[in-house]
Amino acid sequence: MNTRAQDIKALLLRAQSDVEELAKQSASGQIDRITLKNTLENLRSSLDYVAQDIAAELKRRAPTEGMPLIIYFPYGRDREKFTYSVKRNLPTVVRDAPALYGVIEGAQPFISGDPWLTDLCELTNSVKHNELTKTTTKRFAGINVPGFGRMSGENISFRGNVFGDLRLPMDDVFIRTNGEIDVIPGEVPVEVTRDNQILFHERKLPVAPFTAHCTKRLNELVTAIYKLL
């Protein structure tokens with residue numbers, strides 16, 4: 001395993017650990033934005049380290065061809081932007097490494113239908129050059145109802161219900177959009193639960209699931225690329 005591949009493995013292992021920590025923080029309703037910044041940057045660095053090894057392979061296959069001094073992993077929301085990014089960063093990959101190009105192209109949202117790669121790169125650009133990522137906390141509430149199971153969401157109105165053959169009145173529970181909960185006690189209690197979800201402010205992407213998904217997809221992408229290097 002070359003040095004960059006070892007570095008990528010270390011970055012992804014650290015990212016996985018940080019993702020797990022972000023999930024715990026998100027559930028508590030408050031996230032450490034420095035941890036989030038580091039996670040995004042470690043994931044992005046993994047991509048760009050891979051791009052450096054791809055460039056090294058392209059130089060080996062065509063030593064006389066020039067390569068840019070600064071290389072980033074190509075990405076684009078549409079084919080036009082992606083093609084421009086490839087020409088700018090790995091200009092000979094289509095000709096000299098078509099299989100590698102196919103893997104890179106397959107990760108793009110206009111092929112895969114999954115925008116994780118472009119979302120990750122754009123979020124990291126913002127946090128690296130502008131400011132710490134802004135987040136929004138969304139609070140959810142739910143109820144565990146005997147004989148019914150769990151119900152969760154917004155604007156829940158659970159009232160006028162009875163339990164069992166004795167038709168004992170159950171708690172009336174009202175969950176409003178702002179997360180406020182009102183309970184009118186009955187003879188059979190209804191368990192009320194509270195959950196938090198933290199979102200990237202502008203994109204409304206949930207932080208914990210998104211970073212976990214990126215880490216998983218990055219591991220898959222890195223594995224596929226190094227099989228061809």
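Reader: Which residues is Ile156 in contact with, leaving aside its neighbours within four places in sequence?
Author: This is a predicted model, in which local features need pLDDT of at least 70, side-chain atom pairs count only at pLDDT 80 or more, and totals for chains, interfaces and linings use all residues. Residues are numbered from 1 along each chain as its sequence is written, and side-chain values use heavy atoms, with hydrogens and water left out. Contact means heavy atoms within 4.5 Å. With neighbours up to four places away left aside, the contacts of Ile156 are Ile143, Met151, Val173, Phe174 and Ile175.

Reader: Is Ile156 buried or exposed?
Author: Ile156 sits in strand 3, residues 156-158; strands (E, at least two residues) and helices (H or I, at least four) are DSSP runs, numbered from the N terminus. A residue is buried under 20% relative accessible area, exposed over 50% and partly exposed in between, with a 1.4 Å probe and protein chains only. The relative accessibility of Ile156 is 10%, so Ile156 counts as buried.

Reader: How many Å apart in space are Ile156 and Pro115, C-alpha to C-alpha?
Author: The two residues are 41 apart in sequence. From C-alpha to C-alpha, the distance between Ile156 and Pro115 is 32 Å.

Reader: Which residues does Glu105 touch, not counting those up to four places away in sequence?
Author: Glu105 belongs to helix 5, residues 98-106. Its relative accessibility is 17%, so Glu105 counts as buried. Apart from residues up to four places away in sequence, Glu105 touches Arg79, Phe82, Phe110 and Ile111.

Reader: What is the relative accessible area of Arg44?
Author: Arg44 is part of helix 2, residues 33-61. Beyond four places in sequence, Arg44 is in contact with Tyr72, Tyr75, Cys121, Thr124 and Asn125. Arg44 is buried, and its relative accessible area is 8%.

Reader: Which residues is Asp18 in contact with, leaving aside neighbours within four places in sequence?
Author: Asp18 lies in helix 1. Asp18 is buried, with a relative accessible area of 9%. Once neighbours within four places are left aside, its contacts are Thr35, Thr39 and Asn42.

Reader: How many Å does helix 1 reach from its first C-alpha to its last?
Author: Helix 1 covers residues 3-28, which is 26 residues. The expected span of a helix is 1.5 Å times one less than its number of residues. The reach of helix 1 is close to the expected 38 Å, and its value is 38 Å.

Reader: Which residue just after helix 1 takes a positive phi?
Author: Within helix 1, the buried residues include Ile8, Leu11, Leu12 and Ala15. An α-helix has 3.6 residues a turn, so residues three or four places apart point the same way. Just after helix 1, a positive phi of about 95 degrees belongs to Gly29.

Reader: What percentage of the residues in the protein chain is buried?
Author: The count runs over the 229 residues of the protein chain. Buried residues make up 41%.
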